[in-house]
Amino acid sequence: MERILFGDNQFFAVNHISDEKSMAQSIKFKEDSAIIKTLDYAMEAGVNTFMCTTHDRIANICEIIRNNPEKYKDFKIFPCMPYAHKYANAVTELGITGTLKQYVPGNFFGSLFKGGVAFLSKDYLKIMELLIDAEMKMFKGIQTPVIFLQNVITDMLLGLGMKDVLIAFHQYVEKKYDAEAGFITMNLPKLLEVLESGGIRNPIICSSINKAGFRMSGGKALYEETLKTKKFRAIAMQVLAGGAVSPKEAIEYVCKLPNIESILFGASSRTNINETTSLIHQFDAAK
Amino acid sequence: MGISHLAILGAHPDVQVVGVCDTSKMMLDAIEKYSSFPCFTDYKKMLQDAKPDAVLVAVPTKFHAAIVEELLNQNIHVFAEKPFCLNPEQGAPLVALAKQKGLVNQVGYHNKFVGTFQEVKRIIDGGYIGEVYHFLGQAYGPVVVKAKQDTWRSNPEEGGGCLMDYASHVIDLINYILAPITEVKATILKSIFSKDVDDAVYSMLQLSNKVTGVLSVNWSDETFRKMSTSISINGKKGKIVSDANELKVYFKEEPFPEGYSKGWNIRHVTDLTPEVDYYLRGEEYSAQIDYFVKTLQGKVPNSINSFESAWLTDKAISLIRKEQR
C-alpha cells in the first residue's frame, strides 16, 4: 500500500462537522469532471491510490479511468463496500428479496442458478459473495489490490459476534479477486482481537486515528497500545478529527505513531491536498 | 427489528443477550446461524424461556403499548423505541405502571445523547442567552422521495408518517431543551409523495413557559444525504444555532459559559462527544444504551428519556395533529 491514500467523502457530501459544508460539497462536486479534476490534483501530489465507496457515481469515474489507460496506468482503487445507503433505501422500498433481485447480477431467481439455490437454501455467505460480485462489476479492468468492508457492516458484524462472516469476506476477496481484504472499523482493538482469533494474520485495518481521540472506541491509549504491540497493517483515517486539531499537529501525531502503514485523507481543493501531503512527507522525513 | 440495537447490546461488556425475537424468518435465520444469540419467533415464549432482566422493544409503534404492558406486568425493565405509543391515551397507564412498579423505563430519543444538543441545553439552563423569545426546530431528510413504498410507515394507524416517525425527534428535543409543548396555534400536514400519511409538518407552537416557535420538518427532501436535525433559539442576550455536528452560539454580553466569549462561538461535536466503548453509526446510539444499562445497575438516575418525557412528546404530537388546517 502507498503511504498516502486519497479518500472520497468530500465528493459525496460526507462531512462530520458541518451540514453546511456538506451542502457546499454537494454543489461543488455535482459534475463528474469536478471529481476527476480533484483526483488529478491528488495524482500531481504523488497520490495514486483512491479509496472509495461503491457509490453509483464511482461507476462513471471508473469509466473515465478505463478510457484513459495511459494517464491512469499507475492508478489504483481500493473499493469500500457496500454503499450502505443504496441497500438501506432499497430494503425499505423493495424488501430484502426485492433488493437481492435488483442488485444481484443476472436473474436472481431464474437463470442464475447459483443465486436461486443460495437463496432457497439460506446460504447467506453465498449471497454475500454474489453481492460482492455485484459491487465489483464497476471496477472491471481497474487495479483493485485491496477491497474493503465498510465500517457500518464490519462493526455491525462485530457487535453481533458474526466472526465467520468477516472471515468469509476475507477469504472470498482473496480467492476471487486476487486482492487483499481490508476492514474499516470504528472499533480497532475489538476487531483486531476477533480477526486474530479467526486465524487472520496481519490484517489490513483502516480506522479513525487522531490526536483528539475522536471515534477511537475504547480510547486513544488503547489504540496506541494496540499499534505498539499488535501485528496488523494500519491505515489511519479521520486524522484531522473533523478539524478539531490543526493540520500540522494532526499529521505530526499520526506520522510519529508506530506501525501506521498508510494515511487516508480527503480534500476538495488543490491547496489542501498539497498541504496535507507535504506535511506527511515533512514529518516522515524527520523520523 | 433493531439490528443495530442488537449489535450494540451484543458488544456491551455488562450485557448478556439471552434472546432475540423477530417475525422476519430471513433475519432470524441469519442471526441463528452466525451469532450465538438464542432466537425466538414468539416474544411471550422468549420471556418464559429466557427470563430477561430487561427487554429492548424495537417493533412497529402499533405493537408498543401491548408489549410494554406485558413486560411491565412481568416486572421486566423496558427500553422502547420512539415514538412511545400511537397516542397519549395508550401511553398514560404505562407511565403510571412503570412508576408504580419501580421499573427502569427509557425511550430511544437518541438526540439527547448528541454532544452539541447537550451543550445547547447547558447554555439554555444557565440562562446565558437571556430570556428566550423564539425557537425554530427543523429536520429534513430523504425518507420518502418518490411515490409507491408501502410499509407500516405509510399507514397512519400504525404510527407511520413524518409527524410521528420523524418530527417526533425534533418535538422531543424542543420539549427537553426548552419546555414541553402545551399549545399549538396551527399546523400544516402535507403529503408530498405518500398517499395516506404526511411527508411534511409545519406548525406554530407554544411551550408551558409561554415561549413560542416554529416546527418545520420534511422527510421528502432529497437534498439532504441523511436526516439532519437542527434547532435555533433566540434569546434577548444571544442566539443559538445547532445541528448534530456543529453548535454556533452568539453572546451579546457577559456572563458567558467558560471557554466562550462575546460574539459568535463555534463548537463541534468532535469536541463535545465523550468516547464510547463500541461505535456503530453514531456515539449517541451506544451512549443511550449504555445509559439504560447504567440505570439498571443503579449508577445513574432514570431521568433522561423516561416514559414520562416520551409521553409528553406523544401528547405534543397529538396536539399538533389536532390543530391541522
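Begin by selecting A:Met23, which counts as partly exposed because 16 C-beta neighbours lie inside 10 Å. The term covers what lies between buried (20 or more other C-beta atoms within 10 Å of a residue's own) and exposed (12 or fewer), with C-beta atoms placed from the backbone. The model is predicted: local features need pLDDT of at least 70, side-chain atom pairs count only at pLDDT 80 or more, and totals for chains, interfaces and linings use all residues. Residues are numbered from 1 along each chain as its sequence is written, while chains are lettered from A and ligands numbered from 1 in the order in which they are written.

A:Met23 belongs to helix H1 (residues 19-28) of chain A. Helices (H or I, at least four residues) and strands (E, at least two) are DSSP runs, numbered from the N terminus.

**Chain A as a whole**

Now display chain A, which has 12 helices and 8 strands. Its C-alpha trace spans about 60 × 45 × 35 Å along the principal axes. The radius of gyration of chain A is 19 Å, which agrees with the value near 19 Å for a compact globule of 287 residues. This radius is taken over C-alpha atoms, and the globule rule is 2.2 Å times the number of residues to the power 0.38. Of the 287 residues of chain A, 43% count as buried. Among contacts in chain A between residues at least 6 apart in sequence, 75% join residues at least 24 apart; two residues are in contact if their C-beta atoms, placed from the backbone, lie within 7 Å.

**Two helices that cross**

Next, select helix H2 (residues 32-44) and helix H3 (residues 56-67) of chain A, which pack at an angle of about 60° with their axes 10 Å apart. H2(A) is therefore oblique to H3(A). Axes are lines fitted to C-alpha atoms, for helices over the stretch in contact, and angles run from 0 to 180 degrees between N-to-C directions. Angles under 35 degrees count as roughly parallel, over 145 as roughly antiparallel, 65 to 115 as roughly perpendicular and the rest as oblique.

Which residues make the contact? H2(A) provides A:Asp32, A:Ile35 and A:Ile36, and H3(A) provides A:Arg57, A:Asn60, A:Ile61 and A:Ile64.

**Helix H9 of chain A**

Move to helix H9 (residues 188-197) of chain A, whose buried residues are A:Leu188, A:Lys190, A:Leu191, A:Leu192, A:Val194 and A:Leu195. Their cover includes helix H7 (151-160), helix H8 (163-177), strand E5 (180-185), strand E6 (204-208) and helix H10 (220-229) of chain A. Just after H9(A), select A:Gly199, which takes a positive phi of about 85°.

**Between the chains**

Show both chains together: the contact takes 31 residues from chain B and 36 residues from chain A. On the side of chain B that touches chain A, the elements giving two or more residues are helix H1 (3-11), helix H2 (25-34) and helix H8 (269-272) of chain B. H1(B) gives the most to this side, with 7 residues.

**A last stop in chain B**

Finally, select B:Leu319 in helix H10 (residues 307-322) of chain B. B:Leu319 counts as partly exposed because it has 19 C-beta neighbours inside 10 Å. Leaving aside residues up to four places away in sequence, B:Leu319 touches B:Ile181 and B:Val184. The C-alpha atoms of B:Leu319 and B:Ile181 are separated by 8.7 Å, although the two residues are 138 residues apart along the chain.
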